[in-house]
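Keep the viewer open while you read.

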Amino acid sequence: MKMIDCRNISLAYDREIVLSELSFSVNQGDFLCIVGENGSGKSTLVKALLSLIGIHRGSIEFGLSRNEIGYLPQQTDAQKDFPAGVWEVVLSGCRNRSGLRPFYSAKDRAKAREILERLGIGDLVRRCFRELSGGQQQRVLLARALCSAKKLILLDEPTAGLDPLAANEFYNIINRLNKEGVTVIMVSHDIDNAVRSSTHILHLKNKPVFFGKYGDYLKSGEYTRLAGC
């Protein structure tokens, strides 16, 4: 089942084309890693997939509704110091599905508790978010995204700023979620670890220079140049 199908799209920022001639698809159960140097169009593509910006040309067709996509953005320093409790942060992910209801339902609360336990952070529920380590904060934000999502999560540089141990633990969690049936799209500069976790790679350089399976990407010149092999 196709969840996202991009057909020959072009994307613009401040009326300037930053990404063109892009076609790719994401099927249910895929783990797509989007790589490329700074300025290659990765962030612009993320905004288009979230319907935050329009498309200059082409089309994006979705096989799921927007409220079935969970999003984990890059963290800013201000967000890391956010003075809220872990439970409040995670439960807020349910707002995407609660419609006009002013309060969280028992089902929302049960889902949030289940996801906290699933990610191994149930013991953090009464902690303050800003008191957590970087790796713990990312797990909490991932839990929030999973509360929002039903089928697909989109991660933008999720291991940026994490130490190698915390980053490896985070990748292990994402890999497990993918094997459990969650479709993953991840943007990353961590070329070696990120692509190793993926089933498919999309390499951008203001237009697609590679889209295909992980094994084929490792044999490509684009991987060699980006990874510095």
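Two strands count as paired here if DSSP finds at least two bridges between them. This is a predicted model, and in it strand β3 (residues 31-35) pairs with strand β8 (residues 200-204) in the parallel sense, over 4 bridges. To find the spot on screen, pick Cys33: its bridge partner in β8 is Ile201.

**The sheet**

Now zoom out. β3 and β8 belong to an open sheet of 6 strands with mixed pairing, in the order β5-β6-β7-β3-β8-β9. At the edges sit β5 (69-72) and β9 (208-213), each of which pairs on one side only. From one strand to the next, the twist averages 15°.

What does α6 pack with, and at what angle? Its partner is helix α7 (residues 164-179), at an angle of about 20° and with the axes 10 Å apart. Angles under 35 degrees count as roughly parallel, so α6 is roughly parallel to α7. The crossing of α6 past α7 is right-handed.

If you want to select the contact residues, α6 brings Gly135, Gln138, Arg139, Leu142 and Leu146. On the α7 side they meet Ala166, Glu169, Phe170, Ile173, Ile174 and Leu177.

**Aromatic pairs**

How many aromatic pairs are there? The count comes to 2, and here they are:

| Pair | Centre to centre | Angle between planes | Type |
|---|---|---|---|
| Phe24 and Phe211 | 5.9 Å | 55° | tilted |
| Phe210 and Tyr217 | 5.0 Å | 50° | tilted |

Why does the Phe24 and Phe211 pair tie together parts that are apart in sequence? Phe24 lies in strand β2 (residues 16-27) while Phe211 lies in strand β9, so the pair links parts that are 187 residues apart in sequence.

Buried or exposed? The cut-off for buried is under 20% relative accessible area. Phe24, with a relative accessible area of 3%, is therefore buried, whereas Phe211 is partly exposed at 32%. In the other pair, Phe210 counts as buried at 16% relative accessibility, and Tyr217 is buried too, with a relative accessible area of 0%.

Note on methods
Residues numbered from 1 in each chain as written. Predicted model: local features only at pLDDT ≥ 70, side-chain atom pairs only at ≥ 80, totals over all residues. Heavy atoms only, no water. Helix = DSSP H or I, 4+ residues; strand = E, 2+ residues; numbered from the N terminus. Axes fitted to C-alpha atoms, helices over the stretch in contact; angles between N-to-C directions. Phe/Tyr/Trp six-rings, centres within 6.5 Å; stacked < 30°, edge-to-face > 60°. Buried < 20%, exposed > 50% of the residue type's maximum accessible area, 1.4 Å probe, protein only. Parallel < 35°, antiparallel > 145°, perpendicular 65-115°, else oblique. Left-handed = near helix turned anticlockwise from the far one by under 90°. Contact = heavy atoms within 4.5 Å.
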